[in-house]
Every structure is written in C-alpha cells, then in structure tokens.
Amino acid sequence: MAEALTRVPLRFVARRLGGAVFVLWAVATLTFFAVRLIPGDPAEAILGGPGSQTSPEALAAVRAEYGLDQPVFVQYLSQLGRLATGDLGRSYALNMDVGALVLSQLGGTLLLAVLSLAVAWLFALLLATWSTGRGRLARQIGSGLEIIAAALPHFWLATTLIVVFSVWWGVLPPISTADARGLVLPVLTLAIPLAGFLGQVMRESLVAALESPFVLSARARGESERGVLWRHALRHAALPAISLSGWAFGSLISGAVIVETIFARPGLGRSLLNAVTVRDVPVVIGVVMVVALVYILMTILTDVASRLADPRTASIRTGAGG
Amino acid sequence: MTISDRPASGSPNASALRVRNLRVGFGHPGGDDAVSGVSFDVATGECLAIVGESGSGKSVTARSILGLAGSTARVRADELSLAGESVLGLSEPAWRRRRGRDVGLVLQDALASLDPLRPIVREIGDSLRLHTDLDPAERTRRVLEVLEAAGLPDPQLYAGRRSGELSGGQRQRALIAAALALDPPVLVADEPTTALDVTVQAQVLGLLERVRARGTAIVLISHDLAVVSRIADRIAVMHDGRIVETGTTNKVLTDPRHPETRRMLAAVPVDKPRFTRLAPATAVRDAGPPPRMTERPAAAAVTAAAPGPPAAIEAIGLAKTFRGPHGSAHQAVHEVSFRLARGSTLGIVGESGSGKTTTARLVLALTAPDAGEVRLLGEPWSALTEKDRRARRPLVGAIYQDVLASFDPRLSVREILQQAVAGPTPARPARTGSRGGAAAVAALLENVGLPSALLERRPAELSGGQRQRVGIARALASRPQVLICDEPVSALDVSVQAQVLDLLDELQRELDLSLLFISHDLGVIQHVSDEVAVMHDGRIVETGTATEVFTAPAHPYTRALLASVPRLV
C-alpha cells in the first residue's frame, strides 16, 4: 500500500486543489451574475416575494441593509469577500444563516448519493459478471437490462417503485422516514439508472479483458475462472467505471432534487428547489457553491482512485516509466 | 535457477507429449475442422517446431495441448497424453491442476500476455500460489530465482515492475519465467519471438535452447522457418489443419517434399539475391517484362556529394528531438544524411526505437526537422511551406505497416481508389465515377494484381495481402516517382510478404520508382535494397551497397545485428 500511495504525489493533489479554488471562483462569479438576470427586485423577494404590497420606504431600507444600493461591482467584491471567509450570507425567506442551513441539509443528500453510488456499483458488477462468459443469450439479456435501466427517468422510476412497494405490496414507506427503510426507495431510484450506465462500460472492458492474452496466460498457469475474474479481469473492468464515478456523483446530486421532492426527504435538492421557487438568492448561491465543492472533491477522489487502480496513468502523466 | 537437471524418470527419449489424431472443430458439428487429424510426439529434451501460416491450425493445436482451445471448441483425439498420462476428457478442475505444473504456455507479445496492471513478481508467483503451499516470502524468493535463470540479472530490480515498464526482451523473459516457475516437463511456446527485435529474438531463442537442454520438451509454434531452424530438433509443417510434412530440421530445410514446405522456404527473403522472385507467379499478374538483371546505373556512393543527376531524395544532416511533458527530451534522429538514387532502392534497417519511422516522417515532410534538410528530385522539399509543397506532394507516395488503419472503414476499395485518383481537392468521391476515373482505378488494380471482383469490398473484408495491395495501389494513384515504404510487409505471413515484395520489385522496374524501404527485418532489407543504411539510436552507423553491408559489415552494431539474423541452416 505504501508503494501504491507514492503513485499519488502530493504535488498532484496540490495542483488539483489549486484548480478547485479557481473553479469555485468561476462558479461564484457565474451564479452571482446569473442571479441578476432573474427578473424582479431582490428587495421585493426579501419582503415576501413579488406581488406583495410593500412600501417604497421599506424597500429602500432593505436595499440599504443588504447593500443592494451599491454598484454591482462593489456588491460582487463584497460577496466574494464573504464567500472567501466561508460566509454564505443570510436566507431571504427563512431568515437564517445559509451556511448553517446548507450544512444541516448536506448530510442527508450526501448519504443518499454515496449509498446510491455504492448500490449502483454493486448492481453493475453483479450484472456484468453474471452476463459475461455465459453465452450469447446471457450477454444479450445483460446488455438489454443495462440499456433499459439507463433509460429510466427518475420521476417515473420513483412513482413506479412507490406504486409497487408501498401501494400494492405495502412493505416500504412511500415517503422518506428517519429509519433505514425510508432510504430504500430513494436509493433504488437513483441507483438503477446509474447501474445501467456503469454496467455498460464495465461489461465492455470485462469482455475485452477476458479475451486478452494475459487472461489466457493466467488460465495456462492453472488459474480458475473465479481467480481470473478477481485477480485480473474485474480490475480492468473497474477502471472506466471509476473514471465515470466522478461524473456519476454529480448527476446523483442533481437527481436528488427530484428524488428528495418526490419522497419528501429533507436535503440539499429540496432546499434548492424551494429557494428557486421563492427567489431566495443567497440560498441558491450557497447550495450551488456547496454542490460544486462536493463535485470537485469527488472528481479529485476518483482521479486518486484511478491512479491507485491503474498505475499506468500515473507513469504516463509524470512521464516516468515506459 | 535451482532447477536441477530433470530426474531421468522413465526411459530416455520417453514421450513427454503424445498426440494422436487430434481433431478440433468450431461451430456446427460436421463443419470443417480447424485441426483435422494431427499426430506427433515430443520426447523429453526435444524441441518440435510446428510451422505454418495464419489459419493453418497451429495455434489451435498448441492450445488444445493445455485444454484451452476455448469453450466453443470440440476437441477429439485418439490419444492426448502428458508425461504418459492421458489428459483426454479431463474435467476443468483436473485440467487446472495440470496447467502450469505439467505443461506451460508462452505467448507472443509479452506486453499483452502479462497483466499490465500487476507487477511481474505477482504474475510469476501465481503459478506457485496455485500449485504449491509456499508462503508469500518463499514464493518471492523462488520468483527471483526463476527470473535470474531466465536471464534477467538483478531480478530484485525488475520484480516489482509491470510489463509496461520493462523492455521487450525483459518482459518476454518474464513471460517465459512465469511459464517455467514450476519447471513443467512440457513447454508450449506460441510465436515466442514474433515482433521482437532480432538481437532480442536471438537472446530469447538462446534461453529456450537452455531450457530444452535441461530436459524440457518444447513445442515451438511459429510462422517463421528461419527462426525455428535455430533450435528445433524436428519440424512439422502444418497446412489447412493437417501436418503435411514432418522430419528432422535439417531434412525439412534441405530436402523439402511437400509443395507447401517448398513455398514457405522459397518465400524466406534472407540470402536471396535481389530480383529473384520469392513467390510463384500468380495467375492474376504474370511475371511481366523479364527482370533487368543488369547492374543499375551506378547508384553513386551514398555519402558522396552529388554531381550528376539529382537524387530522388537527399537528406542532409537531419535532426529531430521530441520533448516529453516534463522537460525530458528524446533525440529521435541525429545527423542523418543519405541519398536515394533515382530508380533504386535504399533500405533503412534498425531495431525498434532506432529512429526509422521518424526518418520516414521527416522525408514525407509530415514532421519538420529541427535541423537539416530533405531535398526531393534536386529541389527543396522540407524547407518549403506546406502550401508550396502541396503541388509536389503527388510525387511522393507512402505505404505503411498497419494499412487497415489507414483506410476509412466505410469506403469500398473502389471509393478508396477513386478518391486517390481524384487527388486531394474534391471533398467526396464521385459516386458514379467518371469514365476516366473508372479506367484509372481499373489500371491501378491491374498494376497491383488484384481482381476487379474486389472493388465493392470494404478493407475489413480483405485478406492482409490484398489490403496491402490496395494500399500500394492507392500510393501509386498520384503517379509518384518516390515511394516511402514503412515496414510494409511486417504484419504479413511470409508467403504473402514474398508476393508483396515481388510486386514492389516489378512496379519499381515498370514505373521507374525510387523506393525508400524501411524495415526491422534484415532479410527483407537485404533482398530488396541496392543501398543500405543501418540506423542505431537515431544515427546512421553504416551505409553502403547491400552486398558491402551484408558481406563485410564495418560497424560493430551491424555485425551484432547480422549475427542475430535467423537463417535457414
């Protein structure tokens, strides 16, 4: 393992973190100016949303309090300054600290996404290993299941799962509860389509690995089918799926917006949806920033995992080896 | 290695491997068998070479010996026994106990035959893990011994590396070490030296020789008679799933009986003088005008300055350095100068990494040199801007080793050639084809000896030889005066290689082409070249006429290279 860790030099991690700071700055800037494009007066939103009857004096007072009367550039700089110190501002609608709000919601969403990713990997691995080396029919069944799973939209899958498991069968709650049972349907909703995607790339490289000369060499040493799979082929099959997992995690968090809403589950996704509905700009920016941060960290993690699983990438990028 | 000489179990000359009437079929029962009725014996300490072209059934035979012909194969035989014990109809678990212990397999291309993600110490140690109860530390110690015995000095240095981090020779040794870890009495080696440089090939053959001398029975599968002649005691020639001739190496090479054996022997280009045909004339293309056996108009000494007619290609002091991502620099070509006289062939020979292909790209002006110049027919070439060069590009054609990759897979042969005839300007080939275009395409096909029936095929539906002919036809479409051939026959069977070499020879005479012929294969270079330049580490270390270089090599590297060339005994 020590040998494996040296494949991930600190300089690589440092460079990636530097890149992450740049991406966060870009996200903050983009969201700051994009939010300005939303029609309507932010002061009105603070005082109860558009259409509410507010006096010009109240509006002016709010503008002064939130700095909305300053030039845009000054507002931008002061917002950047606040973000740099980790201050995400105050929610217009909930009148609480956005940082605290986001933190309280983050755990639930992360749990949902991590569990979904793990379950998707499990399904994909099971399907890929079951359907290869078992003849044409199994291969076609496996590939068909993957395509169908990958094509399922979250909202349809969620409602179908609720109808089957809650309404007809009655074994699982239709809305998210505090215990583990409440997690099953939301996790399945997110994991099944992702398992379809991961399974497709896994099976393709699994088939390639099983037909490669090094697997023939392993068999010629007397390696069993299980040994071939675990010692050689699965590692090759996992490589593209690991690279895909960074992207997959991002898609899981955006999928969480729909799933948390359907299953009435507290989390970042639902907070974001609520905030957009009432134009709660600081919450929107806060959630977007945190999601970007999580996405960046996840990408770095998958890159590190790729390097650990495939030593060749490390030597190619640093120009060593060969 | 601590492998003692094999205990003389059984009688001397006991059959380590015995095969009787082996038949292997794929697909429908009753369909044609890939192997139909093969019988042979290999004694302990003997090397039997099974030689044949691709599709002859030699690899399927090799794999059947390990019960690895595949799940779709139907393997039947009257007898198949390893060390006197029948292995016919063994269950899969029983086979697994024997593989690696009673019989080992060495494949071609160690880069792909060792798991690229695992260090070789674990790959080799796997045999020990599967068949012995040694603990991990003992296994590692044993692996180091085996590596050292396989000719890797300082095995500790290499054991932790993966196949991609080793040189071609090192990883082929590691692969052989993996097959020999348990010292199996029978070793099956399927093209173990193919695609290796000649000097490395010679070392690997030397290693196999030592293995045989220790008493291991070796079945050596190869397409190359010259390679096997060095270590095989007996040769079996396979053709269409049958052994058509078998005998001692000497007898098969000097007194071949079967036409297939004679054809393969005639096709080997080593030591065959220039202009001798390597393949029998085909029906499609007859011998053409009689060979011009006279000496060529004095192809001036390669290095001499050039009074007289301008050279087809003149390279003066070429240099090219490639920069790595982190400031590392690799000087691929260093002060390379040569002259390709008009109508002649200059062969550039060298091992992988010697800078041959970079030189070809410089001559084609696909890569700009850091220093030096290439002149074409006495006029500037590499010094021109690409815009000015474009008008003269038709003068230079090129053919490559991986010709399939150089075709658009969706185009038919007709479309590929129409595009080439039309030149680079039109964006799409004329579907209907003008009368002139069709005639030009037909003429090209005739030139390269392809039947017009192939016009509607796609490249993937052609054989390797046919593809290379289409590649040559495409290169000829612009009526070039110079043809750059970069390893044009390296991926071909020896008899197909012979046909392509004959074709290039004929085309050169008919069209008065100047050929720059690049190859790692000294036999091919000797056969096709008027002048030869030997490349090593980016430099030309020796130049001269083919006769001079091959009979009186001056540079030590050339001598080492020539000593490694496998020859028919």
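Helices (H or I, at least four residues) and strands (E, at least two) are runs assigned by DSSP, and both are numbered from the N terminus.

The model is a predicted one, so local features need pLDDT of at least 70 and side-chain atom pairs count only at pLDDT 80 or more, while totals for chains, interfaces and linings use all residues. Residues are numbered from 1 along each chain as its sequence is written, chains are lettered from A and ligands numbered from 1 in the order in which they are written, and side-chain values use heavy atoms, with hydrogens and water left out.

I shall start with a sheet in chain B. In which order do the strands of this open sheet of six follow one another? The order is E7-E8-E9-E3-E10-E11, and the pairing is mixed. Two strands are said to pair if DSSP finds at least two bridges between them. At the edges are strand E7 (103-106) and strand E11 (242-248) of chain B, each of which pairs on one side only. From one strand to the next, the twist averages 15°. As background, strands of a sheet pair through backbone hydrogen bonds, either parallel or antiparallel. Strand E10 (residues 234-239) of chain B pairs with E11(B) in the antiparallel sense, over six bridges. Within that pairing, B:Arg234 has B:Thr248 in E11(B) as its bridge partner.

Axes are lines fitted to C-alpha atoms, for helices over the stretch in contact, and angles run from 0 to 180 degrees between N-to-C directions. Helix H1 (residues 58-65) of chain B lies across strand E3 (47-51), E7, strand E8 (186-190), strand E9 (217-222) and E10 of chain B, and runs at about 150° to E9(B). Helix H11 (residues 259-267) of chain B also packs on the sheet, where it touches E3, E10 and E11 of chain B, and its direction makes about 105° with that of E10(B).

Is B:Glu260 buried or exposed? B:Glu260 counts as buried, because its relative accessibility is 5%; buried means under 20% relative accessible area, exposed over 50%, and partly exposed in between (1.4 Å probe, protein chains only). Leaving aside neighbours within four places in sequence, B:Glu260 is in contact with B:Glu53, B:Val237, B:His239 and B:Val244. Its side chain makes a polar contact with the side chain of B:His239, at 3.5 Å. A polar contact is a pair of N or O atoms within 3.5 Å; within protein, one must be able to donate a hydrogen and the other to accept it, and residues adjacent in sequence count only if both atoms are side-chain atoms.

I now come to charged pairs. Side chains of opposite charge can pair when their charged atoms come close. A salt bridge is a side-chain nitrogen of Lys or Arg within 4 Å of a carboxyl oxygen of Asp or Glu. How many salt bridges does the structure hold over all chains? The count is 37.

One of them joins the side chains of B:Glu209 and B:Arg230 (3.5 Å, N to O). This pair links distant parts of the chain, 21 residues apart: B:Glu209 is in helix H8 (residues 198-213) of chain B, and B:Arg230 is in the loop between helix H9 (225-228) and E10 of chain B. B:Glu209 is partly exposed at 24%, and B:Arg230 is partly exposed at 38%.

Another salt bridge joins B:Asp233 and B:Arg212 (3.3 Å, N to O). B:Asp233 lies in the loop between H9 and E10 of chain B and B:Arg212 in helix H8 of chain B, so this pair ties together parts that are 21 residues apart in sequence. B:Asp233 is partly exposed at 30%, whereas B:Arg212 is buried at 18%.

A further salt bridge lies between B:Arg509 and B:Asp505, whose closest N and O atoms are 3.6 Å apart. How far apart are these residues along helix H17 (residues 494-511) of chain B? They are four residues apart, and are therefore separated by about one helical turn. B:Arg509 is buried at 17%, and B:Asp505 is buried at 10%.

Finally, a network of salt bridges links A:Arg221, A:Glu223, A:Arg231, B:Arg118, B:Glu123, B:Asp126 and B:Arg129. Thank you for your attention.

Key
Contact = heavy atoms within 4.5 Å.
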